[in-house]
Amino acid sequence: MKIAVYPGSFDPITLGHLDIIERSAKMVDRLIVGVLVNQAKTPLFSMEDRVKMIQDLTKDYGNVEVRAFKGLLVDFAHECKATIIVRGLRAVTDFEYELQLAQTNKVIAPDVDTIFLTTNLKYSYLSSSTVKEIASYHGDITPFVPEEIVEKIKEQYKVDH
Ligand code: PNS
């Protein structure tokens, strides 16, 4: 059984992330989306909200599960019995960081491989930070995130953030 993890902060999930989930889920038997509990950052959405949003958005995909994780990604991969880490590559600017992450993870856990999916061209410019910036100025975020979560994001900016 081929198990992969797709890790990230997903704060919030974008159409680019969802596209990677959809495509990678077709390549493996089980895909576990790992939502990072990052103590260093103050997220826009709580970990519970981020997990719930992704669960709702992926409820019709038979082989996708969503879990929160803290600590090292490779430990999470081992817990999940995953041998694959999936990451999306948007542009060459992502490459250096992603290569370092993948190579470091490979040293710590030689049994786990990272595979990269090139982001759909439609979303190659897109990031959660851009979405938050636009939302903070009350701009239109509908081209960037699943319609089911547009209002949830807008609500976060009704109060100051
Ligand atoms: O979507 P993001 O925020 O770019 O995802 C980054 C993520 C979650 C893949 C990365 O920060 C991560 O793996 N964090 C867990 C800690 C870890 O294992 N770091 C790598 C060893 S250097």
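Predicted model: local features only at pLDDT ≥ 70, side-chain atom pairs only at ≥ 80, totals over all residues.
Select the ligand, then show the residues around it: Gly 8, Ser 9, Leu 36, Gly 71, Leu 72, Leu 73, Arg 87, Tyr 97, Leu 101, Thr 104 and Asn 105. Residues are numbered from 1 along each chain as its sequence is written, and side-chain values use heavy atoms, with hydrogens and water left out.

**Stop 1: the shell**

Colour the shell by class. You get five nonpolar, five polar and one charged residues. Here Ala, Val, Leu, Ile, Met, Phe, Trp, Tyr, Cys and Pro count as nonpolar, Asp, Glu, Lys and Arg as charged, and the others, Gly among them, as polar. Now select helix 4, residues 92–108; four residues of the shell come from this helix, the largest share. Helices (H or I, at least four residues) and strands (E, at least two) are DSSP runs, numbered from the N terminus.

**Stop 2: the contacts**

Look for polar contacts, pairs of N or O atoms within 3.5 Å. Pick Ser 9: a polar side-chain atom sits 2.6 Å from a ligand oxygen. At Leu 73, a backbone N or O atom is 2.8 Å from an oxygen of the ligand. At Arg 87, a polar side-chain atom is 3.1 Å from a ligand oxygen. Alone, the ligand exposes 560 Å², and the protein buries 72% of that. These areas use the Shrake-Rupley method with a 1.4 Å probe.

**Stop 3: the pocket**

The space it takes is the largest pocket, with a volume of about 1000 Å³. A pocket is an open set of points on a 1 Å grid where a 1.4 Å probe fits, with protein on both sides within 12 Å along at least five of seven lines; lining residues have an atom within 4 Å of a point. Of the 38 lining residues, Pro 7, Gly 8, Ser 9, Arg 87 and Tyr 97 are closest to the centre. Helix 4 gives the most to the lining, eight residues.

**Stop 4: two backbone spots**

Select Pro 12, in the loop between strand 1 and helix 1. The peptide bond from Asp 11 to Pro 12 is cis, with omega near 0 degrees. Next, go to Lys 81, in the loop between helix 3 (73–79) and strand 4. Phi of Lys 81 is near 60 degrees, a positive value. Most residues other than glycine have a negative phi, and most peptide bonds are trans.

Terms used. Near = heavy atom within 4 Å. Polar contact = N/O pair within 3.5 Å; in protein donor to acceptor, adjacent residues only side chain to side chain. Sits in = over half its atoms within 2 Å of the grid points. Points joined across faces, edges and corners; volume = space filled by probe spheres on them.
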